Amino acid sequence: MKEEFMTGAFLREFLLGELADEDRERIESLYLTDDETRERVLDAEQDLIEDYLEGSLSREETERFVLRYARTFEQRQKLRITKSIKDWAVTEEGKAQTAAAPASIVRGPQSRLRLRPVLVVPIAAMIVIAIMLAIVWRNSQLKERQHLKVEQELAQLNSPASMQEIPPQMTSLELKPVTVRGIAPQTQFNPDAEFRIVELHLPWIQTERYPTYQAKISKLGDDVSFTISNLQAQDSGEYMVRIRLRVELLSKGNYQICLRGISADGVVSSCEEYKFVVNN
Amino acid sequence: MAQDPEIPPDSFDEILAWLDPDREVAANLYVRLRADLTNIFKWKGCADPDGLTDEVFDRVGKKVHELRPTYEGDPRLYFRAVANNLIKEDFKKVRIQVSLEDLLDLPQPATSEDVDEEAVDMDECLRSCLQKLSAKNRDLIVGYYAKEKQAKIDRRSELARQLGVTVPTLRVRAFRIREGLQKCIEDCLKRQGNCE
């Protein structure tokens, strides 16, 4: 019976909390009592973590993954360690290949190559292309790493515990959802050296309330966006979600925030949009 | 667990005895059950999987004396049922609980300098821990993790063939080496003062 339903895709749904209660409970019972099932579930979890680190998960899967695997400092650190091991392996492999390439030219069919100078130019061109590709790849790795660092920093800055603190050098900015702002001008933010952190106040106007919220911040005209998960609303007269950003992250331009509610069973609400302009 | 006055002081021993008559086997089952329940809470998206696991053991601890003589079946399923109730209770709470530990030890927002410093520490720890691996295990980790997506699947099949083992065996082998490496790096980072 176990074999019938426990496909990799099914286990992935289980790990991301997408299964109906009946199926979930069945797998949980087997996971606790059956060694083979346990092994398969943990295997599927490893695959899921690797797929996340490789950026192979869909947007929805990524959101669900982050809610489960990047919630606490400890979890985020485990992910960072796994990523550093993977990065190291990729780099080592690259080094080995780079070392092997010239070696094969010298040690392998060396006599043939030396006798045929016509091959030198194409080989040199290939090496140049390989080096350029390695540089492009390395740059993209660095960018990806930098992006991950910023998201980790944002997650920490916006963790429930951190949000109870009022850090020094913080200013706040009230935003209105685009749907209710009408023709009112966009909120402007003028970064000031005095402030290190800006706290954005995002009123939640949808009738449904959620245990957690997720904000995606993007700069218009820029491909890069940052997602902050596990945000919680507060109701002090006005029901709102607060998010904190380091001022130095905000360069001049138009910003957009898409805020979504995440229900207890992982259902994601429609996007509530907010916009603001950063000057200078 | 013994901090709650409602939990009998001998409940831990009783839980162990319920899990298995052999104390050593029971201790292993206990450790594994804790990890498994924490995973279950995590997969369900609960905010504080460790805290909820503690709560499961507290609740079972209060009842184990009555339960043990009459309960039929695998006791781990009873723990799961308690965990399931806790999941339902947890989701009824709109506000996600902040654990006492978080309240007592509020993390400061990380600065980019902190993040850079941590990356340097991570790099140092990774290098130091890799040196403790045998060359054979290091090679296996490189071979296992160097590729991504489809290339990764092909590479692992090839690697398993070269080592004369099945892919699942290779996975277990790589997983164990990586687990050891991960633990070594975690300990190293703790020593460097990068953990909460």
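Some housekeeping. Residues are numbered from 1 along each chain as its sequence is written, and chains are lettered from A in the order written, with ligands numbered from 1 likewise. Since the model is predicted, local features need pLDDT of at least 70 and side-chain atom pairs count only at pLDDT 80 or more, while totals for chains, interfaces and linings use all residues.

Okay, the pair. Helix α2 of chain B covers residues 23-43, and helix α3 of chain B covers residues 49-70; helices here are DSSP runs of H or I, at least four residues, numbered from the N terminus. Their axes come within 8 Å and cross at roughly 125 degrees. Axes are lines fitted to C-alpha atoms over the stretch in contact, with angles from 0 to 180 degrees between N-to-C directions.

Who meets whom? From α2(B) we have Arg34(B), Leu37(B), Thr38(B), Phe41(B) and Lys42(B), and they meet Pro49(B), Asp50(B), Leu52(B), Thr53(B) and Val56(B) in α3(B).

Now zoom in on Leu52(B), which sits in α3 of chain B. Is Leu52(B) buried or exposed? Leu52(B) has 24 C-beta neighbours inside 10 Å, so it counts as buried (20 or more is buried, 12 or fewer exposed, in between partly exposed, with C-beta atoms placed from the backbone). Leu52(B) and Phe41(B) are eleven residues apart in sequence, and 7.4 Å apart C-alpha to C-alpha.

Last stop, helix α8 of chain B, residues 149-163. One of its 15 residues is buried, so α8(B) lies largely in the open. After α8(B) comes Gly164(B), with a positive phi near 70 degrees.

Conventions. Helix = DSSP H or I, 4+ residues; strand = E, 2+ residues; numbered from the N terminus. Contact = placed C-beta atoms within 7 Å. Expected span 1.5 Å × (residues − 1).
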